[in-house]
Amino acid sequence: MIKIQSLTKRYRDLTAVNDISFEVAKGEIVGFLGPNGAGKSTTMKMLTGFLPATSGTAKVAGFDVFERPMEVKRNIGYLPEIPPVYPDLTVEEYLNFVAKLKGLKGGVLKDEVDRVIKRVSLEAVHHRLIRNISKGYQQRTGLAQALLGNPSVLILDEPTVGLDPRQIGEVRSLIRELAGQYTVILSTHILQEVTATCQRVVIINQGDIVADDPLETLVEKHSTGNQPPSLEQIFLSLTEV
Amino acid sequence: MGNILTIANKELRIYLTTWTSYIIFGAFVLISAFFFQQLVLDYQLRSQEYTQYQYKDMLAQMNLTDWVVAPLLSNVVVFFLFMMPILTMRLFSEERKTKTLQLLMTTPVRPVEIVLGKYVAALCIMLIMLGLSFFFPVLLHIFGATSDGTTPLDWNTITIGYLGMALFGAASVAVGLLTSSLTESQIVAVISSFAILLMLYVIGAAARGQEGVWEQFFQYLSITTHLEGFLRGMIRLPDLVYYLSLSFFGIFLTYQVIEAERWK
């Protein structure tokens with residue numbers, strides 16, 4: 001579903017992402033892990049076509065991100081780090097607007113907006129201005145927007161930032177439910193998030209991929225002695241500066 | 001086309017559900033009402049004077065169109081110069097600041113549709129403002145009728161005057177759109193578009209000390225000299241070309257800025 005080949009992003013003298021390659025199969029949930037500033041968001045922005053790469057290619061649903069941006073955009077639901085919401089619109093107006101931009105019309109549009117509102121439990125606030133709802137609801141509105149139009153690929157950049165523990169639990173179980181139906185790349189630096197939701201982990205550090213394994217394999221690889229290491233220990237040893 | 005309307009619709013919704021537009025509308029009506037009252041009083045005073053001293057020639061020259069409506073519109077221009085940057089400053093700057101530009105750029109919408117949608121919305125708000133000032137000529141039409149029932153206004157001239165105003169507005173909206181696309185700070189956007197418009201406004205004064213080609217050049221650049229023809233009821237090609245090309249360049253450069261977003 002997603003195929004990244006030697007993707008590189010350079011800003012003048014800084015290499016944000018250095019020649020990375022990996023693939024994500026259909027229906028898979030991949031945790032994209034790394035310390036702050038490792039290049040996670042940059043990679044995701046390149047995947048969505050928001051940022052151009054310096055070199056290398058990325059394909060989503062068989063379309064090259066740089067050559068066929070429109071087709072790629074139709075197949076992607078993207079939740080950036082900061083939920084891209086308009087404070088002066090109501091939740092429903094906002095979702096209607098995004099649905100129209102995604103090319104939905106008439107009855108289909110209405111059904112689809114109702115569906116995502118139910119999916120992320122926004123029923124209680126859908127008539128309120130986004131400016132007046134809590135950060136948790138804003139984050140969920142952002143997630144609802146990504147789900148609109150049933151895209152085959154979901155790219156979620158730190159989807160649980162700023163949520164309270166209950167909401168974090170809800171969003172994680174929501175993401176688990178998406179498995180199989182959607183292909184999901186989820187970036188985070190919260191390790192429990194990965195163990196709670198993902199099947200595979202890609203760890204990036206200073207622009208390089210340092211690990212790309214299913215969770216169990218990763219643990220096996222790094223076991224020394226009898227005690228299996230925690231993901232935290234693995235993470236710390238892989239991302240040493 | 002559908003996407004342009006979707007974007008324009010969203011912008012209009014935000015314009016018409018937040019306070020900024022209404023404060024500007026209110027200030028606009030208040031200030032133009034003040035100018036209108038002054039102009040009507042002045043007109044009344046002069047016509048009394050001329051009647052008293054029997055200046056037949058002067059009296060024959062006086063009419064409400066050239067003495068009240070046209071000067072009113074030239075005053076409205078100054079107000080537009082201040083207010084258009086404020087109306088347009090949030091168009092792109094706010095989207096950059098709140099990261100919603102990222103949303104627009106990752107949905108299947110072309111950059112040109114985003115730019116045109118926003119331009120159309122701001123244009124509508126400008127036309128609503130202009131429409132509010134239409135109240136004054138209508139007032140003159142109703143209460144200024146002479147005893148034999150003829151209308152005191154030359155509606156042809158007024159319509160053309162308003163056309164000129166709309167073109168002037170369209171050009172200033174395009175300038176505001178451009179500066180807004182360049183920065184995520186609304187303050188920077190508003191100051192730069194105001195500076196550009198003010199430059200175009202005062203550059204006519206530079207023509208005075210010049211001769212020949214230079215005089216014509218500076219006069220051509222001035223954003224207000226092109227309005228004079230319209231206010232006297234004349235549609236002249238150079239004036240049309242000036243406003244339309246200024247609008248076009250504003251929109252075109254904004255498009256380039258947004259399109260370049262993908263190549264940073």
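1. Confidence. The model is a prediction, and its overall scores are an ipTM of 0.85 and a pTM of 0.90. For chain B the pLDDT averages 90, and 97% of the residues reach a score of at least 70. Where pLDDT is low, the predicted coordinates should not be read in detail.

2. Chain A holds an open sheet of 6 strands, arranged in the order 6-7-8-3-9-10 and with mixed pairing. Strand 6 and strand 10 (208-214) of chain A each have a single partner strand and stand at the edges, so one side of each is left without a neighbour in the sheet. From one strand to the next, the twist averages 15 degrees.

3. Strand 7 (residues 153-157) and strand 8 (residues 183-188) of chain A pair in the parallel sense, with 5 bridges between them. As one example, Val153(A) has Thr183(A), in strand 8 of chain A, as its bridge partner.

4. A helix across the strands. Helix 1 (residues 40-47) of chain A lies across strand 3 (29-33), strand 7, strand 8 and strand 9 (200-205) of chain A, and helix 1 runs at about 150 degrees to strand 7 of chain A.

5. Two helices of chain B. The axes of helix 4 (residues 64-88) and helix 10 (residues 186-206) of chain B come within 9 Å and cross at roughly 150 degrees. Because angles over 145 degrees count as roughly antiparallel, helix 4 of chain B is roughly antiparallel to helix 10 of chain B. The crossing of helix 4 and helix 10 of chain B is right-handed.

6. The residues at that crossing. Helix 4 of chain B contributes Leu81(B), Pro85(B), Ile86(B) and Thr88(B) to the contact, while helix 10 of chain B contributes Val190(B), Ser193(B), Phe194(B), Leu197(B), Leu198(B) and Tyr201(B). By class, the contact between helix 4 and helix 10 of chain B comprises 8 nonpolar and 2 polar residues, with no charged residues.

Note on methods. Residues are numbered from 1 along each chain as its sequence is written. Chains are lettered from A and ligands numbered from 1 in the order in which they are written. This is a predicted model: local features need pLDDT of at least 70, side-chain atom pairs count only at pLDDT 80 or more; totals for chains, interfaces and linings use all residues. Two strands pair if DSSP finds at least two bridges between them. Helices (H or I, at least four residues) and strands (E, at least two) are DSSP runs, numbered from the N terminus. Axes are lines fitted to C-alpha atoms, for helices over the stretch in contact, and angles run from 0 to 180 degrees between N-to-C directions. Two residues are in contact if their C-beta atoms, placed from the backbone, lie within 7 Å. pLDDT is the predictor's confidence in each residue, from 0 to 100. Angles under 35 degrees count as roughly parallel, over 145 as roughly antiparallel, 65 to 115 as roughly perpendicular and the rest as oblique. A crossing is left-handed if the near helix is turned anticlockwise from the far one by less than a right angle, and right-handed if clockwise. Ala, Val, Leu, Ile, Met, Phe, Trp, Tyr, Cys and Pro count as nonpolar, Asp, Glu, Lys and Arg as charged, and the others, Gly among them, as polar.
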